[in-house]
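I opened my notebook on a structure that was new to me. Below are my entries, in the order in which I looked things up.

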Amino acid sequence: MVLSGIVDPAAAPQVLANRLVDRLREVGGEALVRDPMGWLLGRGLVQRPACPDRRCDDGIRLDTGDDCPSCGNVVHIRRSLRARVPAAVEADMPYALPAERRAEIGRRLREEYVLEEQRAQLRRTRAEREVAQRRQAIARRRALEEDVQEARRQAACADCGLPGSAGLCPGCSYRRRTEELVREAVDLAVAVRADLSDATSVAELIRQCERDTRALLTAACEQACDPDADPDWIAYTTPQVAQQILDDRRAAALRRLLESREAVAEADAAYEACRRHRGTEADADAAADAAGHRAAEYRLRQCVGELHVVRQRAVAARLAGCAGSMPGVA
């Protein structure tokens, strides 16, 4: 029980076994132990700390098995006392007899040892109090985290209000994911087809593409699910179908951009560079394809970014128009 409070409880039996082996070795083996129970209680199981550290046993740290560093500190302190106290007695009692000085040295050393033990006890008490405080703080934090997690689990759905949904029920989560995928699919289609300098045509194309995408999604879901399918299954299937539409739109956009001037120029440059370095025809074709795809992917990211800027500007213009039409707003 005592060892379990000092070392890992799983390691305590092995630590105790090692102690018994060492103690038996000290007495010359178990054959020389005449009273096993008395020997266990009086010597074998007794911890013998060589310093104030409660983890010390015969100068060995119980938790690590290494030499106890506190024992070295104790030796150093006692050596310092044995050097300092006689010097102080010699200075205080220059004319005393040697026997008187030895008696005074012994008395002062005993006082210092008692004081050092008291200070060590205070340090142990303070350390134990700090450990207890840290454990209490950890317990309070864990209890608070559990309360927060439980409150999160019991929170109603933010969209439909279903209780105990951890803030978002599965059906609404699928719906949100579907809406996100639809927006991305629309952006990919519009970004490579629209004239991004004309905000009006961009807005019209977005509306048209969104209608077409939702119609395509509905038709694909009807094809993927039976007419009498469970609504939960339909909700689960819809974002997967939307992901497939998004992947198809991305592939189509990249195919379109592979024919752009930038992608063709990059592919031609990679082809020529490979041939100049004595690459084979197959190596040059592979380099050209890789360079063209990199250019197409970069251009696609550019187009989508420009589309987002156009959309943000349109929103800002609408907000400014609404603010200007309000009474009392200059």
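This is a predicted model: local features need pLDDT of at least 70, side-chain atom pairs count only at pLDDT 80 or more; totals for chains, interfaces and linings use all residues.

**Entry 1: a pair in H5**

I began with Arg177 and Glu180, whose side chains meet in a salt bridge at 3.3 Å, N to O. I count a salt bridge when a side-chain nitrogen of Lys or Arg is within 4 Å of a carboxyl oxygen of Asp or Glu. Arg177 and Glu180 are three residues apart in helix H5 (residues 170-191), so about one helical turn separates them. Helices here are DSSP runs of H or I with at least four residues, strands are runs of E with at least two, and both are numbered from the N terminus.

Are the two partners buried, exposed or in between? I call a residue buried under 20% relative accessible area, exposed over 50% and partly exposed in between, using a 1.4 Å probe and protein chains only. Arg177 is partly exposed at 34%, and Glu180 is partly exposed at 33%.

Residues are numbered from 1 along each chain as its sequence is written, and side-chain values use heavy atoms, with hydrogens and water left out.

**Entry 2: further salt bridges**

How many salt bridges does the rule give? I get a count of 16. One of them joins Arg101 and Glu90, with the closest N and O atoms 3.4 Å apart. Arg101 lies in helix H4 and Glu90 in helix H3 (residues 69-92), so this pair ties together parts eleven residues apart in sequence. Arg101 counts as buried because its relative accessibility is 18%, whereas Glu90 is partly exposed at 41%.

I also looked up Arg275 and Glu281, which form a salt bridge with closest N and O atoms 3.9 Å apart. Arg275 is partly exposed at 38%, as is Glu281 at 40%. Salt bridges with shared partners also join Asp92, Glu104, Arg107, Arg108 and Glu111 into one network.

Next I checked the span of helix H4 (residues 98-154). Its 57 residues reach 83 Å from first C-alpha to last, close to the 84 Å expected at 1.5 Å a residue. The expected span is 1.5 Å times one less than the number of residues. In H4, I found Arg101, Glu104, Ile105, Leu109, Glu116, Ala120 and Arg124 buried.

I did the same for helix H1 (residues 12-27): its 16 residues should span 22 Å, and the end C-alpha atoms are 23 Å apart, which agrees. Which residues of H1 are buried? They are Ala12, Val15, Arg19 and Arg23. Seen down the axis of H1, these buried residues fall within an arc of 70°, so they line one face of the helix. The arc is that of the directions from the helix axis to the C-beta atoms. Pro13 and Arg25, on the other side of H1, are exposed.

The buried residues of H1 pack against helix H2 (36-44) and strand E1 (56-57), where contact means heavy atoms within 4.5 Å. Just after H1, I noted that Gly28 takes a positive phi of about 95°.

**Entry 3: Thr213**

I then turned to Thr213 in helix H6 (residues 199-224). Thr213 is buried, with a relative accessible area of 1%. Leaving aside neighbours within four places in sequence, Thr213 is in contact with Val182, Ala185, Val186, Ile245 and Arg249. The side chain of Thr213 also reaches the backbone oxygen of Cys209 at 2.7 Å.

**Entry 4: aromatic rings**

How many aromatic pairs does a search of the whole structure find? I have two. Rings of Phe, Tyr and Trp (its six-membered ring) pair if their centres lie within 6.5 Å; planes under 30 degrees apart count as stacked, over 60 as edge-to-face and the rest as tilted.

Tyr174 and Tyr236 are edge-to-face, 5.8 Å centre to centre with 75° between the planes. Tyr174 lies in helix H5 and Tyr236 in helix H7 (residues 231-258), so the pair ties together parts 62 residues apart in sequence. Trp233 and Tyr236 form a tilted pair, at 5.5 Å and 35°. Both lie in H7, three residues apart, about one turn of the helix. To close the page, I wrote down that Tyr174, Trp233 and Tyr236 form one aromatic cluster.

Definitions and conventions. A polar contact is a pair of N or O atoms within 3.5 Å; within protein, one must be able to donate a hydrogen and the other to accept it, and residues adjacent in sequence count only if both atoms are side-chain atoms.
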